[in-house]
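Take a first walk through this protein chain. Have the sequence and the 3D view open as you read.

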Amino acid sequence: MSTMTIHPEGWKPAKGYANGIVAEGRVLFVGGQIGWTADQVFESHDFIGQMSQALRNIADVVRAAGGDVTDITRLTWYVTDKKEYVARQKEIGAAYREVMGYHFPAMTMVVVTALVEDEAQVEIEATAVLSDA
């Protein structure tokens, strides 16, 4: 599957995300993933740990469908603490790259008052476009 990042001429560079992605293939919609394991256990009560686990969960779903993280075209993040997210950008970037490498799809960040699972601090949903083969 090939993708093309879209960046309008004259816009400042996007940092850590793409403004747009063009892709062709089978579309996979990954439901919101939170920071618990496959056994639905929170091993971390820290934002970075939960974020990393949520991204690993997304990667697992994408791989189960025959793709890889580079096939992810969009991430929507729901976070419960904007101040923590902003304050920990360096750690977030490092943890993100451990799972996603230097692949930066289109992203949206939404601050919410709570998530359905009381222990969850972040929920991330994804869209991936997989090759037709």
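What follows goes from a pocket to a helix and then to a loop.

Keep in mind that this is a predicted model. Begin with the largest pocket, whose volume is about 340 Å³. Its lining is made of 15 residues, and K15, G16, Y85, Q89 and M107 are the closest to its centre. Two elements each give two or more residues to this lining: α3 (89–100) and β5 (106–111). The lining of the largest pocket holds 9 nonpolar residues, 4 polar ones and 2 charged ones.

Now follow α3. This helix gives the most to the pocket lining, with 5 residues.

Next, look at which residues of α3 are buried. They are I92, G93, A95, Y96, V99 and M100. An α-helix has 3.6 residues a turn, so residues three or four places apart point the same way. The buried residues of α3 pack against α1 (47–64), β4 (72–79), α2 (82–87) and β5. Just after the helix comes G101, with a positive phi of about 65°.

Last, turn to a loop. E24 sits between β2 (20–23) and β3 (26–34). Is E24 buried or exposed? Its relative accessibility is 69%, and exposed means over 50%, so E24 counts as exposed. Between E24 and F104 there are 17 Å in space, C-alpha to C-alpha, and the two are 80 residues apart in sequence.

How values were computed:
Residues numbered from 1 in each chain as written. Predicted model: local features only at pLDDT ≥ 70, side-chain atom pairs only at ≥ 80, totals over all residues. Heavy atoms only, no water. 1 Å grid on protein atoms, 1.4 Å probe; cavity = no way out; pocket = protein on both sides within 12 Å on 5 of 7 lines; lining within 4 Å. Points joined across faces, edges and corners; volume = space filled by probe spheres on them. Helix = DSSP H or I, 4+ residues; strand = E, 2+ residues; numbered from the N terminus. Nonpolar A, V, L, I, M, F, W, Y, C, P; charged D, E, K, R; others polar. Buried < 20%, exposed > 50% of the residue type's maximum accessible area, 1.4 Å probe, protein only. Contact = heavy atoms within 4.5 Å.
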